[in-house]
Amino acid sequence: MPKKCCNRVADTMESGNHSMELVLITGMSGSGKSVALHALEDAGFYCVDNLPPELLLPFVELEQKHRANRVAIAMDVRSATSLPLVPQQLDALHLRGIAIKSLFLDANTDTLVRRYSETRRKHPLSQTDPGHGEQDARRALVDAIELERELLVVLRRQAHVIDTSIIRASQLQGSVKALISAPAAQLTLVFESFAFKRGVPTDADYVFDVRMLPNPHYEPELRHLTGQDQLVKEFLRAQPEVDLMLHHVANFLESWLDALVRDHRSYVTVAIGCTGGQHRSVYLVECLAQRFSAGWVTLKRHREIDAT
């Protein structure tokens, strides 16, 4: 039976057409789906965890009768045999006029292995006998994680991906709330700054390396500031290479955004990386978000400075 993770939230609507906002959360086991669901609960969604795909259509129909207008559902690999039904069901719900946002939470394998080791939980696809040695258990866990990736690949392609490998629970909650509060649009642009020394975000559709640009880190008065501070902005704005990089990235996106819309993309994540994720990448994300906000729904996040 599905587990209800929050109290029922269903607003009574006036008679007439009734609209519903549906958020579907899928992703890797151990990637933070419970955290994301709690964020949606805080935002006023009626949340259901581990709903079998076979029940999706009748459940939504029931909630429409109850005039629920914000519903969030989490599905995972425990329903592996029926997950292939989900894309067709989402298409059917879309035709009924239901606004659907799909989020897929991901994390790299090493992170997932560490999380399972810390919690001592068993992966839902693991067949390891508790009596096996530590090395065999780790190998079996890695195999289960890779199998899970294969089973979820279609759902991942059709959703907005959030990489939770090195972000805190509060950052994930903030990202989820920002995504679900964004106005309905054909395409939402997400600009993200990051540090290469901590790894490339796996949720990025496009990655731009700006480590060759002049680095404010080597200016003593700028070292402890970020790309959001005025002194750093003035320093980078005065560098011709920075302006050229901004121009090239913006031109690339402007050349391909219409094609992405025609490809029915709902979200595009553009990641800008520098060495420490504090100055150059932050500055360029701020500039790009401002530049594209006039014509597109834009969100921005700074992986490293948001974690402080």
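**Exercise 1: A cysteine and its strand**

C47 is buried, with a relative accessible area of 0% (buried means under 20% relative accessible area, exposed over 50%, partly exposed in between, with a 1.4 Å probe and protein chains only). This is a predicted model, where local features need pLDDT of at least 70, side-chain atom pairs count only at pLDDT 80 or more, and totals for chains, interfaces and linings use all residues. Residues are numbered from 1 along each chain as its sequence is written, and side-chain values use heavy atoms, leaving out hydrogens and water.

Task: find which way C47 points from strand β3.

Solution. Start with β3, residues 46–49 (strands, E, of at least two residues and helices, H or I, of at least four are DSSP runs, numbered from the N terminus). Y46 and V48 point one way, while C47 and D49 point the other way.

**Exercise 2: An aromatic pair**

Task: describe how F208 and F252 are arranged.

Solution. First, the rings: F208 and F252 are 5.8 Å apart centre to centre, with 75 degrees between the planes. Next, the class: this pair is edge-to-face (Phe, Tyr and Trp rings, the six-membered one for Trp, pair with centres within 6.5 Å; planes under 30 degrees apart are stacked, over 60 edge-to-face, the rest tilted). Then, the location: F208 lies in strand β8 and F252 in helix α9, so the pair ties together parts 44 residues apart in sequence. Finally, accessibility: F208 is buried at 16%, whereas F252 is partly exposed at 29%.
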